[in-house]
Amino acid sequence: MSRTLFTSRDGGDLKDLAGRESLRVELSMEKLIFMHQTHSDLVLVVDGSEGEPMCDALVTRSKGVALAAMAADCMPVTFTSDWVVGIAHVGRVGLVKGIAQKTVEVMHGLGAGKISAFIGPSICAKCYEVSPDMYEEVTTLIPSTATSFELHSLDLQSGVTTQLESLGVEVENVGICTLENSDYFSFRGGDLSARQAGIISL
Ligand SMILES: [Zn+2]
């Protein structure tokens with residue numbers, strides 16, 4: 001049975017190392033692995049011996065090892081199955097690169113059966129306005145991100161949902177917009193450096 005958690009502003013800034021350590025103790029985990037996130041499509045399989053790997057998704061079969069993805073408008077997405085769990089940091093760039101689908105492929109490669117995913121607090125379709133050019137570029141690649149050409153805001157949550165459902169993954173969305181809900185850090189809302197996190201462990 002896996003455990004998923006999405007922290008909020010109350011959980012403190014998880015870019016801070018002391019904050020991460022107190023969260024690890026609170027969760028009674030041997031290891032809590034954060035990533036050095038770069039909006040890449042790199043997925044790493046970890047066992048707890050890693051420091052802070054440079055990647056945007058983690059997968060593990062190790063009990064006692066919790067995986068974390070930081071975000072403040074981007075989507076923290078957790079993945080669970082019988083033997084394997086994963087996590088991904090999915091923003092607009094990672095969505096286009098297919099980081100969520102790659103996480104699922106790596107989990108299947110490790111023997112995962114049915115996979116379920118959970119989309120954590122992140123900026124909603126109404127709030128994520130981009131330039132008309134960027135709107136056209138992303139919606140051409142991933143049509144489910146479309147809202148309306150007048151608004152030119154992108155629905156990243158819908159985009160990742162269709163990507164994952166096409167792989168047979170069951171997707172749930174916590175449905176909290178980080179920009180509209182002041183309990184959460186939001187980059188567009190002015191939190192340029194602080195981050196909350198999605199956490200998953202077996
Ligand atoms: Zn919103």
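Along the chain, the donors of the zinc ion follow the spacing C-x2-C-x49-C-x2-E. The model is predicted, so local features need pLDDT of at least 70 and side-chain atom pairs count only at pLDDT 80 or more, while totals for chains, interfaces and linings use all residues. Residues are numbered from 1 along each chain as its sequence is written, and side-chain values use heavy atoms, with hydrogens and water left out.

The zinc ion is coordinated at 2.0 to 2.3 Å by Cys-124 (SG), Cys-127 (SG), Cys-177 (SG) and Glu-180 (OE). Donors are N, O and S atoms within 2.8 Å of the metal (3.2 Å for Na, K and Ca); water is not among the atoms, so sites may look incomplete. The four donor atoms subtend angles of 97 to 116° around the zinc ion, which makes the arrangement tetrahedral (four donors with all angles between 85 and 135 degrees). Cys-124 lies in the loop between strand 8 (116–119) and helix 4 (132–141), and Cys-177 in the loop between strand 9 (170–173) and strand 10 (196–201), so the pair ties together parts that are 53 residues apart in sequence. Helices (H or I, at least four residues) and strands (E, at least two) are DSSP runs, numbered from the N terminus. Both Cys-124 and Cys-177 are buried (under 20% relative accessible area with a 1.4 Å probe, protein chains only; exposed means over 50%).

In helix 4, the buried residues are Tyr-135, Val-138 and Thr-139. Seen down the helix axis, these residues fall within an arc of 95°, so they line one face of helix 4. The arc is that of the directions from the helix axis to the C-beta atoms. Asp-133, Glu-137, Thr-140 and Leu-141 are exposed on the other side of helix 4.

A pocket is an open set of points on a 1 Å grid over the protein atoms alone, where a 1.4 Å probe fits, with protein on both sides within 12 Å along at least five of seven lines; lining residues have an atom within 4 Å of a point. A volume is the space filled by probe spheres set on the points.

| Largest | about 450 Å³ | strand 5 (65–71), helix 2 (92–97) |

Of the 20 residues lining the largest pocket, His-39, Cys-74, His-89, Phe-187 and Arg-195 are the closest to its centre. In the second largest pocket, helix 1 gives the largest share of the lining, four residues.

Methods:
Tetrahedral: all angles 85-135°; square planar, octahedral: opposite > 155°, others 65-115°.
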